[in-house]
Amino acid sequence: MKYNRYRRQCDLLWERQITTLDELLTYKENLQAEYNALTAQRKALYRRKSKTTPADYSEQIQALTARIRELRREITTCADIEMDCEMVQDKVQRAAHRRENPPRERIHRRAY
């Protein structure tokens with residue numbers, strides 16, 4: 001399960017050539033804006049569909065729904081990357097702290 005998640009994350013970063021967290025957040029914002037626009041457009045089509053012949057708008061609605069589904073997946077993947085990025089940064093900071101401050105060895109005194 002985690003393999004597939006990490007694979008999706010890697011594929012997204014590679015295909016979109018995203019190398020920084022700022023680029024990821026900008027990309028995610030753009031996806032969210034497109035998602036909002038398409039859902040509003042689809043909602044308007046549903047309203048028109050109920051007033052006229054349903055077949056007129058069905059293909060458009062299906063196409064929008066397919067794109068919205070893709071956007072939802074990509075937005076979720078971006079959110080996963082963002083969450084994992086924070087976790088990895090925390091691990092790196094802890095490892096650096098351990099390197100700088102190695103644990104002290106305990107000195108055992110013998111009781112005579």
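I started at I18, which I found in the loop between α1 and α2. This is a predicted model, so I kept the confidence values at hand and come back to them below.

Next I asked what I18 touches, leaving aside neighbours within four places in sequence. I noted contacts with L12, L13, E23, L24 and Y27.

*The core.* Then I looked up the largest nonpolar core, and it has 16 residues. Which members touch the most others? My list reads L12, L24, Y27, L31 and C78. I checked which elements give two or more residues to this core, and they are α2 (21–51) and α3 (55–100). The biggest giver is α3, with eight residues.

*Helix α2.* I counted 31 residues in α2. From first C-alpha to last, α2 reaches 45 Å, close to the 45 Å expected at 1.5 Å a residue. Its buried residues are L24, Y27, L31, Y35, L38, R42 and L45.

*Whole chain.* Stepping back, I recorded three helices and zero strands, in the pattern α-α-α along the sequence. The chain has 112 residues, and 21% of them count as buried. I also looked at contacts with a separation of 6 or more: residues 24 or more positions apart account for 68% of them. The accessible surface comes to about 9600 Å², and carbon and sulfur atoms hold 51% of that.

*Confidence.* Last, I came back to pLDDT, as promised. The mean for the chain is 87, and 89% of the residues reach 70 or more. Where is confidence lowest, and where is it highest? I have α3 as lowest, at a mean of 88, and α2 as highest, at 92. A reminder to myself: where pLDDT is low, predicted coordinates should not be read in detail.

Terms used. Residues are numbered from 1 along each chain as its sequence is written. This is a predicted model: local features need pLDDT of at least 70, side-chain atom pairs count only at pLDDT 80 or more; totals for chains, interfaces and linings use all residues. Side-chain values use heavy atoms; hydrogens and water are left out. Helices (H or I, at least four residues) and strands (E, at least two) are DSSP runs, numbered from the N terminus. Buried means under 20% relative accessible area, exposed over 50%, partly exposed in between (1.4 Å probe, protein chains only). Contact means heavy atoms within 4.5 Å. Accessible areas come from the Shrake-Rupley method with a 1.4 Å probe; for residues, only the protein chains shown count as cover. A nonpolar core is a set of buried Ala, Val, Leu, Ile, Met, Phe, Trp, Tyr and Cys residues joined through side-chain atoms within 4.5 Å. The expected span of a helix is 1.5 Å times one less than its number of residues. pLDDT is the predictor's confidence in each residue, from 0 to 100.
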